[in-house]
Amino acid sequence: MESRTFQVLEFPKILGALSGFAVSEPGVDACSAIRPYDTLAAVRRAGSLFDQAAAWVGESGFRMRPFPELGGIFPHLGSELAVLDQDALFALKIILDLARDARDSLTGFPDRGWDVLEEELFAYAWPQKTVSGIGRCLDAEGQIKDESSPDLLAVRQEIRSIHQRCTKRVKDFILQENMSAAMQDEFMTISSDRYVMPIKANYKNKTKGIIHDYSQTGETCYFEPLFLVETNNRLQELKREERAEEYKVLQYLTSLVRQEQDQVREAYDGLVTLDVLMAKVQLAAAYDGRTIYVEEEGAPKLLKARHPLLALTDESVHPVNIELLDDQKAMIVSGGNAGGKTVCLKTMGLIGLMVFSGLPVPVAEGSSLPMWRDIFVIMGDEQSLEENVSTFTAQIQYLRRVWDMVDERSLFILDEFGAGTDPTQGAALAQAVIDSLMEKRATAFTATHFPALKAYAMATKGVRAASVLFDPNTKKPLFRLAYDQVGASIALDVAREHGLPSAILERAEKYLLLDGSDTSAVLDRLNAMAVKKEAELDAIEDERLRIEKKRANLEQKFEKERTRILKDVQTKAQEVVKQWKSERIGQKEARKKLHEARLRIEDVVPERKKDPVFSFSDIVPGQKVSYPAWNKSGTVLEINGKKKQAKVDIGGVAMWVKTEHLGPADKVATEASKPRAKTPSPSDLVVEIDLRGNRADEAISELERALDRALRKGAGKLEIVHGRGTGALRREVHEFLKHYPAVESFTLAPEDRGGDGMTEVTLK
């Protein structure tokens, strides 16, 4: 894409604003170097990268910290003899610590599907040796730790021991020689890397020693007494040994960095990329920006678009919808001076550059752009007195130079093309250019004041006319577009507003009437109608938003109330079951209360989908079914064909339920855990029999018939409801089961399914 396009559309200013959000010098440089991508896949990947970064920042609260420039150390490592100094290693420590924090923060959200972000930032192998080595050898201030090597520790311990000995000897000397009056504030300091005594200059001859230096005022001299000379000499030897040991540590750390140079470089590059991403997130927050969908081809559609530079500096900038229909390739914008035509064209061009560069833009959701690989712009006064080039000539020269590069993947922006020559010829040339651009399948956006070009916009297929609106009363621009109409130029109104003498204006109006080409009255009428229509559309949109908000509030209140009622009914139902199990109420009363509870929640249970609901013909006795209203399952005991009801045992309590309120047996489990539904095999069939109320001999006969039926059906289990009572019936049933040849095992049911009131049998 041409560099001229970037300058005309002020793309560098956007990059400058983006750079202001970066926290590092390499991040600033990377922001300034951003350019549009060449392929649709790259543009979409950049959009996904931003969306995932914004989501991560929103959830984790991660924030970038400043980090130093590190690019210079990598060429330095090319030499095998090169050794990184403490500053370079400390800078590397800062970078790797920040990269690790970012890595840990992102991996803390494993289920978010931020694959593009992870791949872009952390796809490299972590330089663990370098991180561990630097962390062990450098402290938080970048100083080499004593523990970096045993020899360094020994040397530093001896240096500290010398300091303690010197301190004691100097104190003793001052007391013995009564030198306290000769001392300045401190009794010992270091000069030329040797321990010395700062004494007043007039006391320098009171004792033997070496004077190393004087203060700036000359009142203090730094005096090394003879008894410290040998100790200071030893200190110099130790300092040399310390520097040698520190150099060995630096050599060791440099070797680690050299071994993992590729990983270290990728970690650094990933951090620079992250700095740019964080800057994009902050840019989006500054003007409520977002990425938009980019397609291979199609019509541009920008909803509530604002010029990005204006949106950064003025929160009240007016948004505008800029869109072509599917069968249109050109837009011609007309209307009053200073009404926003050029801003509209610049907004389209600049947002296009930003979107193709992976930057968020200030538009509403639902916006989209086709993939333009080139954007050409003719805009502004490009005349040059030095080169003897007029505005019109400059436009023609640019058009000639780029014409062969224009194709169906191009956007061409023409602002007042042809305005620098005869209006009739300029308009004809502009029409011819737009015709030719549409033949090339390029997309064109044009602003004009030519009446002929306005008529062309209304009459030509594939061209959309648009007009900037202005207030019918004040003639002030409204910075909005009205489509499928043209607008008046209102040059005389603008001149009047800016103070042109009235005599000149009156003469201009007379000439306009004499010319017979004054269409301003008609266009003013069109403008007034368009303003009224836009106001009505705004009112409709406001009303729609109000109704949607009200509906959302009502749905929220309804859901809250429904949840409360369901919870209340469920609690009462559980209490009824507990009362029945504890035999405080009878079975009949329990069924009655549960039926009342079910009726209470029918009005607040959301309408169920029809696919899981049974028809009456689907239900047979012994079948396992679900009761979604309670999120419970049970077994069909019998059916009533006349009332279309089924008697269902739920947790040991039988109740009549309309068949349309029942569902498949696996519905409850599906809603709870969402497993993949399995087709039941015959062995999964469960048959249930209720023996309550029968004498022992009758119950055993009924049980034997039930076992026969279960075996004929191929059932794998039998559930026997015998009730609690005195336990006599349960004992008879168990005794019978012990000797029945088809029974593999049996046991009492769990407490939530009947406890000792029901026996579960596994059949062979």
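Modeller: Two strands pair if DSSP finds at least two bridges between them; strands (E, at least two residues) and helices (H or I, at least four) are DSSP runs, numbered from the N terminus. With that in hand, look in β4, where Glu 224 is the bridge partner of Ile 210. This is a predicted model, in which local features need pLDDT of at least 70 and side-chain atom pairs count only at pLDDT 80 or more, while totals for chains, interfaces and linings use all residues. Residues are numbered from 1 along each chain as its sequence is written, and side-chain values use heavy atoms, with hydrogens and water left out.

Colleague: Thanks! How do you know that β3 and strand β4 are joined, and in which sense do they run?

Modeller: Five bridges join β3 to β4 (residues 220–225), and the two run antiparallel. That count meets the requirement for pairing, so they are a pair.

Colleague: What makes β1 and β3 the edge strands?

Modeller: The open sheet has four strands in the order β1-β2-β4-β3, with antiparallel pairing. Both β1 (189–191) and β3 (209–214) pair on one side only. From one strand to the next, the twist averages 50 degrees.

Colleague: Which helix lies across β2, β3 and β4, and at what angle does it run to β2?

Modeller: Helix α10 (residues 229–259) does, at about 135 degrees to β2 (194–200). Axes are lines fitted to C-alpha atoms, for helices over the stretch in contact (heavy atoms within 4.5 Å), and angles run from 0 to 180 degrees between N-to-C directions.

Colleague: Why is one side of β20 and of β22 left without a neighbour in the sheet?

Modeller: β20 (686–690) and β22 (743–748) stand at the edges with a single partner strand each, so each has a side with no neighbour in the sheet. That open sheet has four strands in the order β20-β21-β23-β22, and its pairing is mixed. β20 pairs with strand β21 (residues 717–721) in the parallel sense over five bridges, and Asp 690 has Val 721 as its bridge partner in β21.

Colleague: Which strands does helix α22 lie across, and which does helix α23 lie across?

Modeller: Helix α22 (residues 696–713) lies across β20, β21 and β23 (758–763), at about 165 degrees to β20. Helix α23 (residues 728–738) lies across β21, β22 and β23, at about 160 degrees to β22.

Colleague: Why is Trp 114 counted as buried?

Modeller: Buried means under 20% relative accessible area, exposed means over 50% and partly exposed is in between (1.4 Å probe, protein chains only). Trp 114 is at 7%, so it counts as buried. Phe 109, at 17%, therefore counts as buried too.

Colleague: Why is the pair of Phe 109 and Trp 114 called tilted?

Modeller: Rings of Phe, Tyr and Trp (its six-membered ring) pair if their centres lie within 6.5 Å; planes under 30 degrees apart count as stacked, over 60 as edge-to-face and the rest as tilted. The ring centres of Phe 109 and Trp 114 are 5.5 Å apart and their planes stand at 50 degrees, so the pair is tilted.

Colleague: What makes the pair of Tyr 124 and Trp 126 stacked?

Modeller: Their rings are 6.4 Å centre to centre, with 25 degrees between the planes.

Colleague: How do you know that the charged end of Arg 103 sits over the ring of Tyr 124?

Modeller: A charge sits over a ring if NZ of Lys or CZ of Arg is within 6 Å of the ring centre and within 35 degrees of the ring normal. For Arg 103 the distance to the centre of the Tyr 124 ring is 5.2 Å. The charged end of Arg 35 likewise sits over the ring of Phe 6, 5.0 Å from its centre.

Colleague: Why is strand β10 called largely enclosed?

Modeller: Four of the five residues of β10 (residues 374–378) are buried, so the rest of the structure largely encloses this strand. β10 runs parallel to strand β11 (residues 410–415), joined by five bridges, and Val 377 stands opposite Ile 413 in β11.

Colleague: Last one: which residues touch the most other members of the largest nonpolar core?

Modeller: A nonpolar core is a set of buried Ala, Val, Leu, Ile, Met, Phe, Trp, Tyr and Cys residues joined through side-chain atoms within 4.5 Å. In the largest, of 54 residues, they are Leu 302, Ile 322 and Leu 481. Helix α13 (residues 341–356) gives the most to this core, with nine residues.
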